[in-house]
Amino acid sequence: MHAEFPDFRLGNVLATSFTGTLSERHGNAVERIPTPHRLIDWLAVNGLAVDSCTTAQLDLARELRESIPAVAPAAAIQDALPASAVQVINDRSAQGRAAAILTPEGKRRWRLSSASCVEDALSVIAADAISIVAGERDGKLALCASPTCRAAFFDTSQSRTRKWCDMNTCGNRQKKARFNANKRKNPSSAE
């Protein structure tokens, strides 16, 4: 991994973790895959190792990454999905030749084509996004409550009331801001 780049924000849901490669979209955006090699790193960490990546493939990945949060708000409120974002997700899904395989431990893994190409990996991410938006998974698609983030995440908590994409970043920041605001309102309570 390259120390000069920000850490990846990893989660349990592939598609929404992929959208997290660009965070703080509505604030000071943090790009976690600024180079083709960094996309290779992210894919490897997520079990989709590829041999190489071109700038054009990185552009395809970023287009997919931005299409997922474009459909997320509409899907979350059961509104019409933006056609252009749906088209990108469908195109990426159809372009790959990845196959689901069962491991001896009973887990699903993805086998990419013999060329281990980025398009195969993107098809897996797109298929994951489709399963989420289509409501095929147990959980709820939600948007981060942080006004600077608004990242899509998949809430699998028992109550389905999670507010932040990541408690260690967005959630912590919001709690800290609330604490400081209360401290300013009631200076005597801080003693």
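Student: Which helix gives the most to the lining of the largest cavity?
Tutor: This is a predicted model, where local features need pLDDT of at least 70, side-chain atom pairs count only at pLDDT 80 or more, and totals for chains, interfaces and linings use all residues. Residues are numbered from 1 along each chain as its sequence is written, and side-chain values use heavy atoms, with hydrogens and water left out. Helix 1 (14-19), helix 3 (55-76) and helix 5 (118-133) each supply at least two residues of the lining. The top contributor, with 3 residues, is helix 5.

Student: How much space lies in the largest cavity?
Tutor: A cavity is a set of points on a 1 Å grid over the protein atoms alone where a 1.4 Å probe fits but cannot get out; lining residues have an atom within 4 Å of a point. Points are joined across faces, edges and corners, and the volume is the space filled by probe spheres set on them. A search of the whole structure finds 1 cavity of 30 Å³ or more. The largest cavity holds about 40 Å³.

Student: Is serine 17 buried or exposed?
Tutor: Serine 17 sits in helix 1. Buried means under 20% relative accessible area, exposed over 50%, and partly exposed in between (1.4 Å probe, protein chains only). Contact means heavy atoms within 4.5 Å. Setting aside residues up to four places away in sequence, serine 17 touches Arg9, Leu10, Gly11, Asn12 and Trp42. Its relative accessible area is 5%, so serine 17 is buried.

Student: What covers the buried residues of helix 2?
Tutor: In helix 2 (residues 36-45), the buried residues are Arg38, Leu39, Ile40, Asp41, Trp42 and Leu43. Just after this helix, glycine 47 takes a positive phi of about 75°. The cover includes helix 1, helix 3 and helix 5.

Student: How far apart in space are cysteine 144 and glycine 171?
Tutor: Cysteine 144 lies in the loop between strand 5 (140-143) and strand 6 (152-155). Its relative accessible area is 0%, so cysteine 144 is buried. Beyond four places in sequence, its contacts include Cys149, Cys165 and Cys170. Cysteine 144 and glycine 171 are 27 residues apart in sequence, and their C-alpha to C-alpha distance is 8.9 Å.

Student: What pattern does the protein follow along the sequence?
Tutor: Helices (H or I, at least four residues) and strands (E, at least two) are DSSP runs, numbered from the N terminus. The protein has 6 helices and 6 strands. Their order is α-β-β-α-α-α-β-β-α-β-β-α.

Student: In which helix is confidence lowest?
Tutor: The pLDDT is the predictor's confidence in each residue, from 0 to 100. The protein averages 85, and 95% of the residues score at least 70. Confidence is highest in helix 4 (residues 83-95), at 96. The lowest mean, 74, belongs to helix 6 (residues 167-185).

Methods: On a 1 Å grid over the protein atoms alone, a cavity is a set of points where a 1.4 Å probe fits but cannot get out, and a pocket is an open set with protein on both sides within 12 Å along at least five of seven lines; lining residues have an atom within 4 Å of a point.
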